[in-house]
Amino acid sequence: MAGMDGGRPSIYPTLLYADAKAAIRQLTEAFGFTELSVYESEDGTVMHAELVQGTGAVMLGSKGRGGVFDTAMKDAGPTGVYVVVDDVDAHHRRAVDHGAEILMPPTDQDYGSRDYLARDAEGNIWSFGTYAPETGA
């Protein structure tokens, strides 16, 4: 089965941003992602980028770059992405220190998770928490 080798995620949230370079800065500086790769066109448009966090990753690029995916995403709304982190409070402090908009501070949930919510500069909702579903892998 694809993605079950333990080394690579099999699901990648994919986002398009009006200012992909600013999104990369916010995701790395405020939310602790690591830049894996960024591919730009000659004019500096981010064609494709991959950022990692733990064993997960997101892909992103610039809006308006053309192509089937860009066209399909044109009228799509913001998305929500959940990211598992070890220390929610430290992660939250980092986000606050970098000016992220916090929608819910670190909160203990009834189902045993501790998490917080933030909105990125273009309206996408990011949840960071300790809940990690068992996938059977």
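Modeller: Two strands pair if DSSP finds at least two bridges between them. The strands themselves (E, at least two residues) and the helices (H or I, at least four) are DSSP runs, numbered from the N terminus. The model is predicted: local features need pLDDT of at least 70, side-chain atom pairs count only at pLDDT 80 or more, and totals for chains, interfaces and linings use all residues. Residues are numbered from 1 along each chain as its sequence is written, and side-chain values use heavy atoms, with hydrogens and water left out.

Colleague: What makes E2 and E3 a pair?

Modeller: Six bridges join strand E2, residues 34-40, to E3. The cut-off is at least two, so they pair. The two run antiparallel, and Val38 stands opposite Ala49 in E3. Five residues lie between the strands in this hairpin, where Gly44 takes a positive phi near 90°.

Colleague: How do you know that E3 and E4 pair, and in which sense?

Modeller: There are five bridges, and the sense is antiparallel. Leu51 stands opposite Val58 in E4. The hairpin of E3 and E4 has two residues between the strands, with Gly54 at a positive phi near 60°.

Colleague: Why is the pairing in the open sheet called mixed?

Modeller: Strands of a sheet pair through backbone hydrogen bonds, either parallel or antiparallel. Here E1 and E4 pair in the parallel sense over four bridges, with Leu16 opposite Gly61 in E4. E3 and E4, by contrast, are antiparallel. The four strands stand in the order E1-E4-E3-E2.

Colleague: What makes E1 and E2 edge strands?

Modeller: Each pairs on one side only. From one strand to the next, the twist averages 20°.

Colleague: Why is Val58 called buried?

Modeller: Its relative accessible area is 2%. Buried means under 20% (exposed is over 50%, partly exposed in between; 1.4 Å probe, protein chains only), so Val58 qualifies. Val58 sits in strand E4. Leaving aside neighbours within four places in sequence, its contacts (heavy atoms within 4.5 Å) include Phe33, Leu51, Val81 and Trp126.

Colleague: What makes a set of residues the nonpolar core here?

Modeller: The members are buried Ala, Val, Leu, Ile, Met, Phe, Trp, Tyr and Cys residues joined through side-chain atoms within 4.5 Å. The largest such core has 24 residues. Tyr17, Leu27, Phe31, Phe33, Leu60, Trp126 and Phe128 have the most contacts inside it. Strands E1, E3, E4, E5, E7 and E8 and helices H1 and H3 each supply at least two residues of this core. H1 gives the largest share, four residues.

Colleague: Which residues does Trp126 touch?

Modeller: Neighbours within four places aside, they include Tyr17, Leu27, Phe31, Phe33, Val58 and Tyr116.

Terms used. Axes fitted to C-alpha atoms, helices over the stretch in contact; angles between N-to-C directions.
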